[in-house]
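The stops below are meant to be taken in order.

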Amino acid sequence: MDARNGDLRIGVYVCHCGTNIAATVDVKAVAEYAAALPGVVVSREYKYMCSDPGQELIRQDIVELKLNRIVVASCSPLLHEETFRGAVAKGGLNPFCFQMVNIREHDSWVHQDRQRATEKAIALVRAAIRRVALHKPLEKKRVPIHPDVLIVGGGIAGIHAALTLANAGKHVYLVEREPTIGGNMAKFDKTFPTLDCAACILTPKMTAVKKHPNITLWTLSEVTEVQGYVGNFEIAVTRKPRYINEDLCVGCLECIEACVYKQAKVPDEFNLGLGKRRPIYISFPQAVPQIPVIDPETCIDFKTGRCKKTCIEACGDRHAVDLKQQPKQETIKVGAIILATGYQTFDARKVPDYGYGVYPNVYTAPEVERLINASGPTGGEVILRDGRKPQSIGIIHCVGSRDENTNKWCSRVCCMYSLKLAHLLKERTGAEVYNFYIDMRAAGKAYEEFYHKLLEEGVHMIRGRVAEVTDWAVTPEEEGKLVMRAEDTLISFVRRVPVDMVVLSVGLVPHEDAKDVRRLFNISCSSEGWFLERHPKLAPVNTFTDGIFIAGACQAPKDIPDAVGQAGSAAAEAMVLIDTGYVEMEPNTAYILEEECSGCKTCIPLCPYSAITFLADKKIAHINEVLCKGCGTCVAACPSGSIKQNLFEDEEIFEEIRGVLANA
Amino acid sequence: MAVKRMIKYEVERDPQFAGWVAGVIGGERVRNCIQCGLCSASCPLSPYMDYTPRRLIHMAREGFKRDVLGSFTIWLCTSCYSCTVECPRRIRVTDVMYALKRRAIEDGVYPKRFPIPVLASEFGAMIRRKGRVTESWLILRVFLKTAIIRLLGMSKLGSKLFFSGRMGLVPESIRDRKQLQTLLDAVETHKEVAA
Ligand SMILES: Cc1cc2nc3c(=O)[nH]c(=O)nc-3n(C[C@H](O)[C@H](O)[C@H](O)COP(=O)(O)OP(=O)(O)OC[C@H]3O[C@@H](n4cnc5c(N)ncnc54)[C@H](O)[C@@H]3O)c2cc1C
Ligand code: SF4
Ligand code: SF4
Ligand code: SF4
Ligand code: SF4
């Protein structure tokens, strides 16, 4: 027994977790075994230790039996270590005079043999009892939090989170890599299920962002470096040149008209190549900021240096056009980060059977969104690439979704947007519209009703995945058409449906660079590449990295109502953090035994968090407790063994190992 | 026109057969089928099938043994593998078709005067006996067992093929038939073990 602690009085609590543990582990036997170990004053088993009565049990025993060490054998510390530390503290004991044993995830859930699972539980509990005897009281350090917030991605989710925080008086940096905020929603004409005009509901929020005194908006910008930790992040942002000075530009757009390119000749990214723009352009009429951008790839002056620079002339004494603008680095400090980087759509070329890129009249849904948009390349008229107006249209659901050959997941919004497009296309063209779906996923407020509306409008609903789109005609009516072949599974006939226009309802996929963003911010991704939430039900906007939250479609495919809901929730979580004013740091940090450190500097370059510095006057290394994350690298590396780590002292670990092996 | 009862009672389901389907080589994933119909739509023969491949997969995994083994569908499948290549749930539809064909022959429940299963079993039997197929005799046997009348209609084509030397009447055979027997026996016993 450890002399430091004087008399040892240990309490042991074995949890049933309902039947989660009790069904596989004989909890009574474990408790009885522990009761007989030296130092143990009381040993109990209880149905739910994490419940209020369970926690009360611990508190009461500490007070009445004067316990000074506690062991709880239950689930993963990830779930309830904090709960039990709280209960220990309520009894008046230092919360670190406690050790938790995981006999659920590490035992009952992974074993079937009851006897051997019980033996394992006993060994783990014995180890914890021997370990806890050596635990020292520790204090958590409090570190103040920086009140500003960084939001990455200016889609509807990022915009909503930014406005929420800014309205609550927090300063927000909104970093967007495109020339305008608005994200995918800015490209739509109408939104399901209410069919309200996307621009009418989105652009007021976009302008509010620009005008808000609490929001610093950086477009054409990307985060390039993230340092620090919850409450105290240090962020480097690279701002690409726009070649227009944002402070001087008044948004008159005269420079665009003045460009030497009289005709727009460059494929327009915002219109997905369906329209053309000039080298100096604005993404769409309501873009925010209302400032043009120059594309150095196509601007004549960048290529030859010999342009007449009519744009500069047109700008006159406002002097906003600046062809010499250079990238700018900004460094900011923030307390919390919200990632709202959204999604990209599936590349339809990966399903060659549907002929995208081969047949000009095969479109992707995002392209059709632009085609029917009043500010799109055709002014909202549905005109095919060959100039015709379609009289029959086929919409294919689940392209790049629900398919082991591409992506397994259901993209969740495409059934609904396919219905929306069916309605809008029928309204604009009067065409016969066929929706080929596998299952109609219309779960949402007023979504099923929207589906019913489409049924009433006479859109053909064919339940079957299309096998191919071909221009090979079998009957005279099929000549000159695109023929879609599918089984109409509800009547068990294979059907061939000739149409003028095919719409591919492409799925939502993670951004190509999502993995890089994940690494930059040190958060996790699911195997598919979506940002991983801390808990799918109970912590949907938290990540495993404290202080970093996620919102919108970067977490999984979702529609606008859900993206906005998550954005509000992420903003609230960030606010809770900031308004608390401080973070408590885990005390499991490393410390240097000053008398023993030889000043060899081995540890300094090894620390992944740059927490170790060299004290030149004393010629020894020093660990900054606030920066140390307790990874233990330096502890293991120090050649003279002069680095120790709280809660992971050598003696504690050895005693634990001895405990496991005691009966082996 | 006769009115047919279409309702299915639970007693008509054979859960053992359903389990067998999910256990045959290629059938492991039938329970993953989402009934999307892509197999049927990509199948060149589905327009002639009594049940589309999608429907057959579901009938099989539900255990409607009689309807499945008695269907024309399995005999119309040409093993082109389109369905298997396209299936979004990676179900090996073609291999399931093969397993069902074998089972139908074993159980003797295939459609009786339908030439394809007869051709399949006659072909197999001839190989077993001679190690080689003599087309003239094979065709003769198949027509005798299915549609004798149609044989007369084919006589003109038959004689043309005969006189141009495309089709002989002398039964062909391999030299060492015993070796082949041993080989086939080994395969058969292995199959028993696997089943
Ligand atoms: C064809 C189609 C039609 C749809 N129609 C509807 C509809 O009618 N109704 C509805 O509710 N939903 C609809 N949706 C779904 C809707 O698009 C999403 O719910 C919504 O856009 C999600 O918003 P977001 O802010 O999470 O992501 P996004 O809109 O994708 O915004 C993300 C933003 O982050 C930026 N960004 C990404 N990476 C970085 C980075 N590394 N650094 C800086 N910035 C970055 C992007 O440029 C973008 O501006 C539709 C989807 C599609 C494909
Ligand atoms: S939402 Fe509908 S169209 Fe989209 S993947 Fe899911 S089932 Fe397919
Ligand atoms: S324990 Fe890890 S984080 Fe802490 S000082 Fe040592 S190396 Fe750095
Ligand atoms: S293609 Fe595959 S998933 Fe679709 S119905 Fe056929 S077997 Fe089932
Ligand atoms: S393998 Fe058989 S069932 Fe499959 S597509 Fe070809 S013919 Fe049809």
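The tour goes from domains to strands, then to aromatic rings and ligand shells.

This is a predicted model, in which local features need pLDDT of at least 70 and side-chain atom pairs count only at pLDDT 80 or more, while totals for chains, interfaces and linings use all residues. Residues are numbered from 1 along each chain as its sequence is written, chains are lettered from A and ligands numbered from 1 in the order in which they are written, and side-chain values use heavy atoms, with hydrogens and water left out.

**Domains of chain A**

Colour chain A by its domains, whose bounds come from an automatic or database domain assignment: domain 1 (3-140), domain 2 (141-240 + 327-343 + 510-579), domain 3 (254-318), domain 4 (348-509) and domain 5 (590-645). Between the C-alpha centres of domain 1 of chain A and domain 5 of chain A the distance is 33 Å.

**A three-stranded sheet**

Helices (H or I, at least four residues) and strands (E, at least two) are DSSP runs numbered from the N terminus, and two strands pair if DSSP finds at least two bridges between them. Select the open, antiparallel sheet of chain A in which three strands follow the order 11-12-17. Its edges are strand 11 (221-229) and strand 17 (328-334) of chain A, each of which pairs on one side only. Strand 12 (residues 232-239) of chain A is joined to strand 17 of chain A by seven bridges in the antiparallel sense, and there A236(A) is found opposite T331(A).

**Strand 18 of chain A**

Move on to strand 18 (residues 336-339) of chain A, where A336(A) and I338(A) on one side and I337(A) and L339(A) on the other are all buried; buried means under 20% relative accessible area, exposed over 50%, and partly exposed in between (1.4 Å probe, protein chains only). Strand 18 of chain A pairs in the parallel sense with strand 6 (residues 149-152) of chain A over four bridges, and it also runs parallel to strand 29 (residues 548-550) of chain A, with three bridges. Centre the view on L339(A), which has V152(A) opposite and also stands opposite I550(A).

**Aromatic pairs**

Rings of Phe, Tyr and Trp (its six-membered ring) pair if their centres lie within 6.5 Å; planes under 30 degrees apart count as stacked, over 60 as edge-to-face and the rest as tilted. Over all chains the structure holds ten aromatic pairs. Select Y243(A) and F302(A): the ring centres are 4.6 Å apart and the planes stand at 65 degrees, so this pair is edge-to-face. Y243(A) is buried at 10% relative accessibility, whereas F302(A) is partly exposed at 31%. In chain B, F162(B) and F163(B) form another edge-to-face pair, 5.2 Å centre to centre with 75 degrees between the planes; F162(B) is partly exposed at 35% and F163(B) is exposed at 69%.

**Two ligand shells**

A residue belongs to these surroundings if one of its heavy atoms lies within 4 Å of the molecule. Around ligand 2, show the residues that include H397(A), C398(A), D439(A) and R441(A); strand 21 (392-399) and helix 12 (414-429) of chain A each give two or more residues to this shell. Around ligand 5, the residues include C43(B), C77(B), C80(B) and C83(B), and helix 6 (82-86) and helix 7 (93-107) of chain B each supply at least two residues of the shell.
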